[in-house]
Amino acid sequence: MLVSRAAFLDHTPRTPGLLASLGLAESGADVPAAWVARSFTLAAALWPLILLAKIVVASLSGAGFHHVPNGGLAFLLALNLLADGAVLLAPRYGAFRRLPPHVQKWLLLPMVFLSGLAFSLWLALASPAGGNPMLRLALPELSVALLAVCIFGDRRLLGLSYFLGALIVSVLEQAQMAQVVLLGSCVAVMLVATVRQARADCDQAIARHEQVQRAERSDRLLQEYERSGRGWFWETDRQGCLVYLSDTLAQTLDMPAGGLIGRPITEIVRPGDRQRGDGERTLGFHLSARTAFSDIPVQAAMAKEERWWSISGQPVFNEYGQFHGFRGSGADLTEMRRSQAEVTRLAQYDSLTGLANRVQMLGSLEQAVAGTRGKPGECTLLMLDLDRFKTVNDTLGHPAGDQLLRQVSQRLERVVGDKGLVGRQGGDEFKILLPGRHDRAALSHLAQTIITTVSQPYTIEGTAVVIGVSIGISCCPQDGVTADAMIRNADLALYAAKGNGRGVHRFYSSDMHADAEDRRKLEEDLRHALAADGLHLVYQPVVSTASERITGYEALLRWVHPVRGPISPALFIPIAEDTGLIAQIGEWVLRTACRDAAQWPEGVQVAVNVSPTQFANPAFPATVMSALAASQLAPERLELEITESVFLTDDADTDSMFTRLKALGVRLALDDFGTGYSSLGYLKKAPFDKIKIDQSFVRGAAIKGSRNSAIIKAIVSLAEALGMDTTAEGAETHDELELIRQLGCSHIQGYVYGRPMPFDDVVARQRANGSAASPEGFQSSRPERKTMLRTVAVHHEGHVYTGRIRNISATGALVEGLWNVPEGTLFAVELGENHVVNATARWSREDRMGIEFVGGIDLARLRAPPPKALAS
C-alpha cells in the first residue's frame, strides 16, 4: 500500500518555485515550460511597433535619427538597434526556440532592458536642451515603456525590465526624491503584479497540463479499447445521422468509416421484434423520443456474417438545453450469443447424437398434450430400446457404442423426417414424438419401418454389427392426457414388446399394467429360485441316424414355480438376460451338466447352450476349464451350443474366443442355424464341429408342398462340404424322421426319440436300454392345431345345423353336435361374420366328425366372438 502511494505521489505534478513561475528557472519535467515562452514569438512579431514608437517619439522630441553629431550618440544608436534587433529576430530562429524557456527569458531580459536603457540615454543626449525635463524626457520614455508593457502582456517581468531600462535615466537625471519614490512604487506595483501573474500563469499551466494529460490518457484508452475489438463508439446529429463511427466497427462491416458518415444509424441494424424489445424498432423509438437507452441488442444489417451488438446512448444537449444529437457506445455480442446458443443447444440437445435430449422431449410432449381451450392435445409417443446394444458396448468398447448410437440416430431422423421429433432418452433408449392424430395402421407401418431400418447391419471400426429395436407406442388422449402418463404407458408397451421376443412394436393397452407387475414379481421369484436352488436341468437325447443309438443329451433349463407351476424358458430366460442373471445361471448350468454327464457311460456327450453374454466374457474359457476339472469330464464330451448372435460383433475378440475354446478340446455347435442375422461368411473361419438345424425347418417338412425339405438339404450339403455334423431339431413324427434320414442328417433330436427328462430318468433309461433308441409318436405330420370351443353354423342342402369346433388347423377341424354324418358329405361352415368356408366330412363317430377345408384357411382371421348381451 505504501509503495502504491509513493508511486502515486511521484507522478503528481509539483508546484514550481518563484523563479520557475517567473520563467527564470527550470520548471521540471512534470509541468512543461512552454507556457513560459509562449509569448516570445508574439512579442517579436509586435516589436516593430516599439521601433515605430521610438521613431515617432524621437521626432516629436527633436532628436532625429538621420543626424548623429558625435560618436557617443552613434554608439547608443547602434546599441539600441542591436538590442531591438535581438528582441525582434531571436525568437524567430529555431536555434533560439530549441533553448529551454528559462534560458530564452534570461537572454531576452537583458536585451529588453538594454533596449529601454539605450533609447533613454540616446533620447536624453540627442534631444534639444531646455524646457521641462519631465516633458522632454520622462513623458516620451514612459509612453514607449507603456507600449512595451502592453506588447509583453502577461510576461510582465519583461515589461518591468524594459520599464526600468527606459525610466532609470530620467529619474537619475532629475535625482529628486519624489521621482525616485514614484519610480520605486511603480516598480514595486509592477513587481507584485508580475509575481502574482506568474503564480496564476503557473497554476493555469499546471491545470492545462493535467487537463491535457487526462484528455490524452482518455484518448489513448479509448483508442486501445476500440482496437481491442471489445467495443466501439458512435455519434449522431440531430436527425439521427452518423457523424462519427469507430474504425473498428467500419472494418467489421467491411466498409470505410467515411462511407457510413451521414447515414442514419438505424440503417446499420436490422428490424427487430418490438415485443422482445430488440432491434431497430426499439432503437428508433429512443432516437425519436430523445431518451437515453442502455444495452439494446440489435443485429447488424450490413455484415457478411451474422453479428449482434449491444448499443447504449445518451442524448446530447448544450448549456441552453438545445438537442445536438446522440453519443454512445456499442459492444459485440456475437460470441456471447453464440455461447448462449451453444449453452441452449447443450441444454436442449443430446451432445452425442445431436437429437433432442430428455429435457426438450419432455417439454415438447407437455406442449403436445396440453392442447387448447381446455381439451387435451392429440399426439403419439414412441419409446424405442435397442436390442443387443449392451453386447456391442461390452465387446467393442464404449467409443464403438457411441459411434453406433450416432448411426442409429441418423437412421431414425431419416425415417421420421419432418413428421415428428426424434430424441434420445439416455443410454440406448430413444423417443419419437408425433404431433396430431395418426391412424393406427400408419403408426404400425412407421414402427415396422423403423425396426427394419435400425436392424440393417452397421459398420463400426471395420466390424459388421447388427442390432435390433423394440418399440412401445402410446397415444394421447386415448392412453393418457399428461406427459407422465404418456411416458409411463409407452414404457409399459415397450416392456411388452421386449417380453414378446424383441424386434417388435406394441401399442399400449390397459392390461399391460398387470403384465408389468407380473413380470416384476417373476423377476423377484427368479432371483429367489436361483439363490434357493429352485432351478433344475432336464436332458433330451440326441440320436445318430445311422446307428439309431443315443450319442448325447442336450441340457435344458427348467423352473417349476412353487405357486404357478412350470414356467416356460421362453418367459424367464429373457428376464434373466435383461436383469443380468443369465451369466450366473449359465455358469450354474455348465457346472451341473458337466457333473451329471461325468456319471454317464463313456462316449455319451452333453450339449450346453451358451448365451452371447457368456461368450463375450473373456473369463468364459477359464469357467469351462474349471467346470471340466471339477467334474473330471473329458473335454471332447462337452459340446457348447452357440447361436449366430455372437457374430453380431464379428471381430478379433470373437476369433480369439473360438481359438481359446477349441484349445480346451471341447466341441462347438452352431445352434438355431438359419434363424439369425449373420451371413454365411463366418463359417469360413469359425471352428464348428456341428450345425444344428432349427426346428422351424424340421416341423412340417414332410407335408406336401413344404419348402423346408429343400432348406434342410441345402444345410446338410453345406455341412458335409465343411466337414461338420448336422443335428435336426424338433422331429416329432415318423415321416419327418424318414425325411431327415433321406436328406442325410447325421443326428436327430426331437419328441420322436423322447422328451426331455430329469437326470435320474436318464440314468434309469441307460441302465435299462443302454444307448439304444427307438422312435415313437404319430406316423405322419399334420398342421398345427389350435384348441378352441366355438359355436358355428353348418349349412347343408338348405338346412342350417349348429355345431361346436373343438380344435382347428389350417386344413381341417373337429366338429361336435352332428350325429352319424356320412363320409364325403359336403358342408359350408360359417366360422365367423363374413367368413364361410367349404368343407368335406372325412370321418364321423357318434356326434363327432373330422372335416377337411377346401383350400385351407388363415387361422389369424379367427377372432373370439363378442360376448352376448345379458337379457334384461
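**Exercise 1. In which helix is Ser 409 found, and is Ser 409 buried or exposed?**

Some ground rules come first. This is a predicted model, where local features need pLDDT of at least 70, side-chain atom pairs count only at pLDDT 80 or more, and totals for chains, interfaces and linings use all residues. Residues are numbered from 1 along each chain as its sequence is written, and side-chain values use heavy atoms, with hydrogens and water left out.

*Solution.*
- Step 1: find the element. Ser 409 sits in helix 17 (residues 398–416). Helices (H or I, at least four residues) and strands (E, at least two) are DSSP runs, numbered from the N terminus.
- Step 2: check accessibility. Buried means under 20% relative accessible area, exposed over 50%, partly exposed in between (1.4 Å probe, protein chains only). Ser 409 has 1% relative accessibility, so Ser 409 counts as buried.
- Step 3: list the partners. Contact means heavy atoms within 4.5 Å. Neighbours within four places in sequence aside, Ser 409 contacts Thr 353, Leu 355 and Phe 430.

**Exercise 2. Describe the course of helix 4 (residues 40–60).**

*Solution.*
- Step 1: take the span. Helix 4 has 21 residues and reaches 30 Å from its first C-alpha to its last. That is close to the 30 Å expected at 1.5 Å a residue (1.5 Å times one less than the number of residues).
- Step 2: look for a bend (the angle between axes fitted to the seven residues ending at a residue and the seven starting there). Helix 4 bends by about 40° at Leu 46. A proline, Pro 48, follows within four residues.
- Step 3: pick out buried positions. They include Phe 40, Ala 44, Trp 47 and Val 57.

**Exercise 3. Which residues touch the most other members of the largest nonpolar core?**

*Solution.*
- Step 1: define the set. A nonpolar core is a set of buried Ala, Val, Leu, Ile, Met, Phe, Trp, Tyr and Cys residues joined through side-chain atoms within 4.5 Å.
- Step 2: name the residues. Of the 78 residues in the largest core, they are Tyr 539, Trp 600, Val 624, Leu 638, Leu 640, Leu 661 and Phe 688.
- Step 3: find the main contributor. Helix 22 (residues 582–597) gives the largest share of this core, seven residues.
- Step 4: look elsewhere. Another core, of 34 residues, lies apart from it, with Leu 405 and Ile 473 among them.

**Exercise 4. In what order do six strands close into a barrel?**

*Solution.*
- Step 1: read the order. It is 22-23-24-27-26-25, with antiparallel pairing. Two strands pair if DSSP finds at least two bridges between them.
- Step 2: take one pair. Strand 22 (residues 786–796) and strand 23 (residues 799–808) share nine bridges. His 796 stands opposite His 799 in strand 23.
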